[in-house]
Amino acid sequence: MVAAIVFVLKIIVFDDHQIRDWFILLLLGVILFQSGMNANDLGILYYYLAIIGAKDVDFRNILRLFLVTVSAMLVLTIALAKLKILPGLVFNRGDGALRYALGTIYPSDLAARCFYLMIAYALLRNYKLKLPEYIGLFSITIWAYVITDTKVDFILMVLFLLVAVFHEHSVMIMEKLTHIGIAVILGLSTAFMIIMTYLYNPANHFMKVIDHILSGRFYFSHIAFEKYNVTVLGQYIPQNGFGGSNGNVFDYFYIDCSYIRVLMMFGAFVFLLLVAYLLYLSHRFMTSEMYALEITLILVALSSLIDQHMWEISYNILFLATFADLKGFKKPKYNLSFS
């Protein structure tokens, strides 16, 4: 709340908005406030205030502050867990493999934290990385997988490394796809996740295999569709996860997919706003040739298919780029071809 007040004061005192802009910003704020109150989660409103408050702030400075702050706190958290000052929770998948949270809420949260720190660092460097940096990022990927045994996040990290290594060619592929092609691909991915979740049937072998690969994302999100209807402006959905427990949780139920969380918890209207917002960012980054930002947006969008951190500012910092100063993120010149 203190941070939200600071954002509001900065917006009022330092930012220049026209009357129409103030009306739109206030209207969106009221909608998100009501939706957040209905869902008993105001995180999305606080993030919205941070997005508006980041206007004209150098996004590179935001990235640097994010990396220093979150990295330092993560190292401190791990150290306190190893010293047994914080509970270092250990979970067993059932096949004998142990998963360590190291003071964080859950092993998958630790893996996601590493993933978001990695893409934030690559974005700060505009994806122009050197060999020692690749070695460091690869080491973090292996360490996160060994500690957390989180397969889906490991796949995302490997995908990120491949995109980073072949960054120039990734840019060329995006240019060929154009912002329309990228929007179609991301839209179809989101629609596939929602439709498969809604229609999920454990008797269907194909669905069951995909659900197993995604660590039960279809099954648990399907329960949300069975128990609750989609509302216009959200609803409270009680959830009972493993995070923060000793692993002995009965009646486990948690919605991991960010898109389904927004749809079910914050309502159809906010979900449509989210889709329009992502399409706007993608169009803006592509037409402005800010390909490092577009790559990061795609990685965040893909990660949000399987995790709940899209609107958690301590994980995903990208949305603060909406009104921030983005100088230095223009496309570098490459002399490459596929021939």
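## Notebook: patch, rings and charges

I began with the nonpolar patch, where α1 gives the largest share, 4 residues. I note that the model is predicted.

**Entry: the surface patch**

I listed the members. Val8, Ile12, Val13, Phe14, Ile19 and Trp22 make up this nonpolar surface patch. Together they have about 650 Å² of accessible area. Next I asked which helices supply at least two residues each. They are α1 (2-14) and α2 (19-39).

Isoleucine 19 belongs to helix α2. Is isoleucine 19 buried or exposed? Isoleucine 19 has a relative accessible area of 72%, so I put it down as exposed, the cut-off being over 50%.

**Entry: cysteines**

I looked for disulfides. The structure has 0 of them.

**Entry: aromatic pairs**

How many aromatic pairs does the count give? I get 15 aromatic pairs. I opened the pair of tyrosine 198 and phenylalanine 225. The ring centres of tyrosine 198 and phenylalanine 225 are 5.3 Å apart, and their planes stand at 90°, so I logged the pair as edge-to-face. Phenylalanine 225 counts as buried because its relative accessibility is 13%, under the 20% limit.

I turned to another pair. Tryptophan 311 and phenylalanine 319 are tilted, with 4.9 Å from centre to centre and 50° between the planes. Phenylalanine 319 is buried at 0%.

Which residues form the aromatic cluster? Tyr47, Tyr277, Trp311 and Phe319 form one cluster.

**Entry: charges over rings**

I searched for charged side chains over ring faces. Arginine 113 lies over the face of tyrosine 315, 3.8 Å from the ring centre. Lysine 227 lies over the face of phenylalanine 253, at 5.7 Å from the ring centre.

**Entry: salt bridges**

The count of salt bridges is 7. I took aspartate 56 and lysine 55 as one example. Their closest N and O atoms are 3.0 Å apart. The two partners fall in separate classes of exposure. Aspartate 56 is exposed, at 56% relative accessible area. Lysine 55 is buried, at 18%.

I moved on to lysine 327. Lysine 327 bridges to aspartate 58, with 3.5 Å between the closest N and O atoms. Aspartate 58 has a relative accessible area of 18%, so I marked it as buried.

Lysine 327 also meets aspartate 325 in a salt bridge, at 2.8 Å from N to O. Aspartate 325 is partly exposed, at 26% relative accessible area. Which residues do the shared partners join into one network? I wrote down Asp58, Asp325 and Lys327.

**Entry: two spot checks on C-alpha distances**

I placed alanine 268 in helix α12 (residues 268-287). Alanine 268 is partly exposed, with 26% relative accessibility. From alanine 268 to valine 230 the C-alpha distance is 6.6 Å, though 38 residues separate them in sequence.

I then checked proline 202, which is in the loop between α8 and α9 (205-213). Proline 202 is partly exposed, because its relative accessibility of 45% is between the two cut-offs of 20% and 50%. How far apart are the C-alpha atoms of proline 202 and phenylalanine 218? I read 9.5 Å, with the two residues 16 apart along the chain.

Terms used
Residues are numbered from 1 along each chain as its sequence is written. This is a predicted model: local features need pLDDT of at least 70, side-chain atom pairs count only at pLDDT 80 or more; totals for chains, interfaces and linings use all residues. Side-chain values use heavy atoms; hydrogens and water are left out. A disulfide is a pair of cysteine sulfur atoms within 2.5 Å. Patches are made of residues with over 30% relative accessible area and no salt bridge: like charges are joined within 9 Å, nonpolar side chains (Val, Leu, Ile, Met, Phe, Trp, Tyr) within 5 Å. Accessible areas come from the Shrake-Rupley method with a 1.4 Å probe; for residues, only the protein chains shown count as cover. A salt bridge is a side-chain nitrogen of Lys or Arg within 4 Å of a carboxyl oxygen of Asp or Glu. Buried means under 20% relative accessible area, exposed over 50%, partly exposed in between (1.4 Å probe, protein chains only). Rings of Phe, Tyr and Trp (its six-membered ring) pair if their centres lie within 6.5 Å; planes under 30 degrees apart count as stacked, over 60 as edge-to-face and the rest as tilted. A charge sits over a ring if NZ of Lys or CZ of Arg is within 6 Å of the ring centre and within 35 degrees of the ring normal.
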